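Keep the viewer open and click along as you read.

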Amino acid sequence: MVALTAVATPGTPAAGTGARHARPAAGAGRRFLPEVQALRALAVALVVVYHVRPDLLPGGFIGVDVFFVISGFLITGHLLREVRSTGRVSLAAFWAARARRILPAGLVVLAAVALTCTLVLPASEWAQVQRQLWASVLYVENWALASDSVDYLAAENAATPVQHYWSLAVEEQFYVLWPLVLVGAVALARWLRRRSGQRAVGARGMPVGTVLLVLGALVGASFAANLVAVRAGDAAAYFATTTRLWELGAGGLLALVVRYTDRAAAVRAAAALAGVGAVIVGAFVLDGSTPYPGTAALVPVLGTAAVIVAGRTTGPLSLGPLADSRPVQWLGDVSYSVYLWHFPLVAYALAWSGRPPTALEAAGLVAATLVLAALSHRWVERPFRRRRASDRTTLVAAVVGMGVVAALVATVGLRAAAEQARWERAAEQVVVADGSGFGAEAAGGGAAPAFVGDVRAVVPAPTEVQDDAVTAFDEQECSARKDDPPQPRTCELGDPDGETTVALVGDSHARMLGSPVARLAEDRGWRVLTFLRDSCPFSTEMRTVPEGPECVAANEATLERLLELAPDAVVTVAYGASRFRDPGTGERPGVRGLADVWQRLEDAGTQVYAVKDAPQPDPYVVRCVASAVGSAPGRPVDAAGLDRCAAPREQAMAGRDLVDAAAERVPGVDVVDLTDRFCGRSTCPAVVGNVMVYRDTNHLTDTYARSLAPALAAAIPARP
């Protein structure tokens, strides 16, 4: 998980856990837990450092797991105390209390982002920000991100300032579900006792055994779902409530069984020390390549559980003095506000500078976060937390507050629509068609100018560039995903009775050529069949990615089908940055697998056209272009800014010669090199001939891909 997508959230305050309460001895009925407050401080520090400088703490995202366990423990403890004291749970009171503690500060930050995002972020990101603002207001952001994570192209979206609300959404959904399950478990236990003729539990009794069994079954089911999803390589597992609930539930189970004591002080101190050590070591050892949550999440979950079970510790191994220190307790107290404010600042700083922060800038971001958190805690969190409004009034106020923020979110969409309309009027000057001179037709001869003549409009509009994907066919219908069965998914283009059959084969980078290949099919009467699978270059060699084995199996099935069909030609492209496993033979990784499939096709009489992949742009290319061309068409284009969006040619083409190396082994293969239609002599620009080249970090806009049709036609004969 990259730095700006693996976002954590602190556990929101639970009843009776404020930092200013007295601190009773370990064996007493403890309502304030300084060790838990210290855990909050540690976890939010890990998360902030991870997002500001992920190079320093590659596994800092595990702070989310610490917060989940804490939240489950505190909330379940609150519910259990109510059952033991009253024999029931007031759901309205519980949810009203959660609303008072969570919504005010959360809605203030959402309102701030809605008011500022169009001033700071480029127009290309407004629609995505608005979508996630809506999801955050409704506390379903985790499901929005889960949906994006399994959408291959949406997974390339830049992180929004409210992306961190995903884990708040998980907690809110837990707060809705968990008390219902607990109430149901208690009712079930009492009914079973009555049915069996046993002495009924008193009105205020707590049938711990049955409740533990019911909650444990739910936790076990969630943990199993997590293991299955992670093992299958399901990217949505990171965000889904179903695969995260076990972490909050684990904290809830602790609340059922933990009994604080003054005994075994040395053992408890050692357990707390080991727990904190596990969390810290995990933050340094784990990273974005770790399949997560999976079993790896047990490290922070069990580490946090050890600290909670240890309770208040004393002695030479005790972390008590550190945990009790004023800075640590203060940070734990304001951790919710720190969490809420830090990520918008990080996202805005990245958008503004176009690069990760320096050490000094990182320190400034942390300082600004702490200042905003202190103000938010003092003037928003505490006043609402201390208000004694009725449950009904609280819930009505929550709905009104959400409505106000929703109105602000709607203005983001109105601004985006207005910008879109202005861009469309300006873009009428740019019509990409054969002979128009726009797009790739403007490049060649060592030059790749950004603009044609005096025309300064750019297409597609920054507000719609992320949606400018292939239009020749339905991506969902014609491209297999990594969790699909290995049998190829095929679509047909062009003339079904054409004398020439051409197959378009490969990953999403082969799909980028869908529109120009479809154009050739239309002009030449070809029958075109597509064999596309996301993230699977057409090779029999294993890649160093989780879906590597599935890709090999799918490519073998595709090759078998191609040999049966015997098309006249195969057009294939592979992502130039694909990582193949080192075969250990001294040869270059990736060469053997490409050459293998090409040779078998050539031996069967199929002509192979291996198209060299497009240049690799800067990771922030879309944001860079959107900023340089301005947020309104009337604003002068920042030519120097556009120049900064270009990538050095040598760097952009790194790895693309893999095709040449493989073709040397299969002399009959034709290598189609369109590099000069993207690059000048020294750089590969992000805008060529008034057209934005890239829609994300590595895929072409369909508008630019269509402009490649004449160059592709010149490289591939009408009768291969």
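1. Let's begin with Q132, which counts as buried at 1% relative accessibility. Bear in mind throughout that this is a predicted model. You'll find Q132 in helix α4, residues 126–137. What does the side chain of Q132 make a polar contact with? The partner is the side chain of T160, at 2.7 Å. Leaving aside residues up to four places away in sequence, Q132 touches E141, L145, D148, T160, V162 and Q163.

2. Next, have a look at strand β5.

3. Which strands pair with β5? One is β3 (residues 501–506), running parallel to β5 over five bridges; in that pairing, A503 stands opposite V570 of β5. Another is β6 (residues 607–611), also in the parallel sense, over four bridges. There, T572 is the residue opposite A610 in β6.

4. A566 sits in the loop between α19 (548–565) and β5 (569–573), and its phi is positive, about 50 degrees, although A566 is not a glycine. Is A566 buried, partly exposed or exposed? With a relative accessible area of 44%, A566 is partly exposed, because buried would take under 20% and exposed over 50%.

5. N690 is another non-glycine residue with a positive phi, near 70 degrees. Its place is the loop between β10 (687–688) and β11 (691–692). As for accessibility, N690 comes out at 0% and so counts as buried.

6. Finally, please check two cis peptide bonds. Y292 and P293 are joined by one of them, with omega about 5 degrees, and P293 belongs to the loop between α9 (265–285) and α10 (298–310). V459 and P460 are joined by a cis bond too, with omega about -10 degrees. P460 lies in the loop between α15 (391–427) and α16 (475–478).

Key
Residues numbered from 1 in each chain as written. Predicted model: local features only at pLDDT ≥ 70, side-chain atom pairs only at ≥ 80, totals over all residues. Heavy atoms only, no water. Helix = DSSP H or I, 4+ residues; strand = E, 2+ residues; numbered from the N terminus. Buried < 20%, exposed > 50% of the residue type's maximum accessible area, 1.4 Å probe, protein only. Polar contact = N/O pair within 3.5 Å; in protein donor to acceptor, adjacent residues only side chain to side chain. Contact = heavy atoms within 4.5 Å. Pairing = 2+ DSSP bridges.
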